[in-house]
Amino acid sequence: MRSVKFFILLAVLLAFTAIALSSEEESYIDESSDIPRPSMRGIANRFLGQRRITCDKYPRVCHGNGSPGPDCCKKKCVNVMTDKVNCGKCGKKCKFPEICCKGACVNLMSNKNHCGGCNNKCKKGRVCAYGMCSYA
C-alpha cells in the first residue's frame, strides 16, 4: 500500500514538473526570428530547449563554425572526404578495416599511399605491412 502511494505521489510530481517546464519554454522563443521553432516531439528537446536546424532545409548551416563538414547527407552535416559512412559521396560506406582518406575507402594496414594513416606514403621500394612501411 505504501509503494502505491509513493508511485502516485511521484507521478503527480512529474506531471507538475512537465507543466512547469513547458510554460518556461514558451517564454524564451523569439517570434521574430527566421530560425524555425524547435520540435516538441522528443523530451530532450523540451527539457533542454534545443533548436533543431537541418541542412536539407538550410544548407548554409554546414558551412558555419563548429560544423562537422560542408556537405549535407541525410539531414546531417558531414565531410565526404573523411567520413567513414559517407566516403566520397552520401551513403557510400567503407568496409570494416577501411577508413576514408581524400574521399576514398582505404585499408591503412596495406595501402602504400596511406600506410598507418591518411597521406602517410611509404618511400619508393618499401611495402606497407600491418600499417608500417617495411625495411627493404
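The disulfide between Cys-101 and Cys-118 is left-handed, because the torsion about its S-S bond is about -80 degrees; a disulfide here is a pair of cysteine sulfur atoms within 2.5 Å. This pair links distant parts of the chain, with Cys-101 in strand S3 and Cys-118, 17 residues apart from it, in the loop between strand S4 (104–107) and strand S5 (128–129). The model is a predicted one, in which local features need pLDDT of at least 70 and side-chain atom pairs count only at pLDDT 80 or more, while totals for chains, interfaces and linings use all residues. Residues are numbered from 1 along each chain as its sequence is written, and side-chain values use heavy atoms, with hydrogens and water left out.

**The chain as a whole**

- The secondary structure comes to two helices and six strands, where helices (H or I, at least four residues) and strands (E, at least two) are DSSP runs numbered from the N terminus.
- Read along the sequence, these elements follow the pattern α-α-β-β-β-β-β-β.
- Of the 136 residues of the chain, 19% count as buried; buried means under 20% relative accessible area, exposed means over 50%, and partly exposed lies in between (1.4 Å probe, protein chains only).
- The accessible surface of the chain comes to about 10,800 Å², and 59% of this belongs to carbon and sulfur atoms; such areas come from the Shrake-Rupley method with a 1.4 Å probe, and for residues only the protein chains shown count as cover.
- Among the contacts in the chain with a separation of 6 or more, 1% are accounted for by residues 24 or more positions apart, a contact being heavy atoms within 4.5 Å.

**Disulfides**

- The structure holds eight disulfides, and one of them joins Cys-101 to Cys-118 with an S to S distance of 1.9 Å.
- Cys-101 counts as buried because its relative accessibility is 2%, whereas Cys-118 counts as partly exposed because its relative accessibility is 36%.
- Another disulfide joins Cys-115 to Cys-128 (S to S 2.2 Å), and the torsion about this S-S bond is about 85 degrees, so the disulfide is right-handed.
- This pair, too, links distant parts of the chain, since Cys-115 lies in the loop between S4 and S5 and Cys-128 in strand S5, 13 residues apart.
- Cys-115 is buried, and Cys-128 is buried as well.
- A further disulfide joins Cys-122 to Cys-133 (S to S 2.0 Å), and with -90 degrees about the S-S bond this link is left-handed.
- The link of Cys-122 and Cys-133 again connects distant parts of the chain, from the loop between S4 and S5, where Cys-122 lies, to strand S6 (residues 132–133), which holds Cys-133, 11 residues apart.
- Cys-122 counts as buried because its relative accessibility is 10%, while Cys-133 is partly exposed because its relative accessible area is 23%.

- Leaving aside neighbours within four places in sequence, Val-106 is in contact with Pro-97, Glu-98, Ile-99, Cys-101, Asn-111 and His-114.
- Val-106 and Cys-118 are 12 residues apart in sequence, and their C-alpha atoms are 8.7 Å apart in space.
- Asn-86 lies in the loop between S2 and S3, and this residue is buried because its relative accessible area is 9%.
- The side chain of Asn-86 makes a polar contact with the side chain of Asp-83 at 2.8 Å; a polar contact is a pair of N or O atoms within 3.5 Å, of which, within protein, one must be able to donate a hydrogen and the other to accept it, and residues adjacent in sequence count only if both atoms are side-chain atoms.
- Not counting residues up to four places away in sequence, Asn-86 touches Cys-73, Val-78, Asn-79, Val-80, Gly-91 and Lys-92.

**Exposed residues**

- Lys-89 lies in the loop between strand S2 (76–78) and strand S3 (98–101), and this residue is exposed because its relative accessible area is 56%.
- The C-alpha atoms of Lys-89 and Asp-71, which are 18 residues apart along the chain, are separated by 9.1 Å.
- Leu-13 has its place in helix H1 (residues 2–27), and this residue is exposed because its relative accessible area is 54%.
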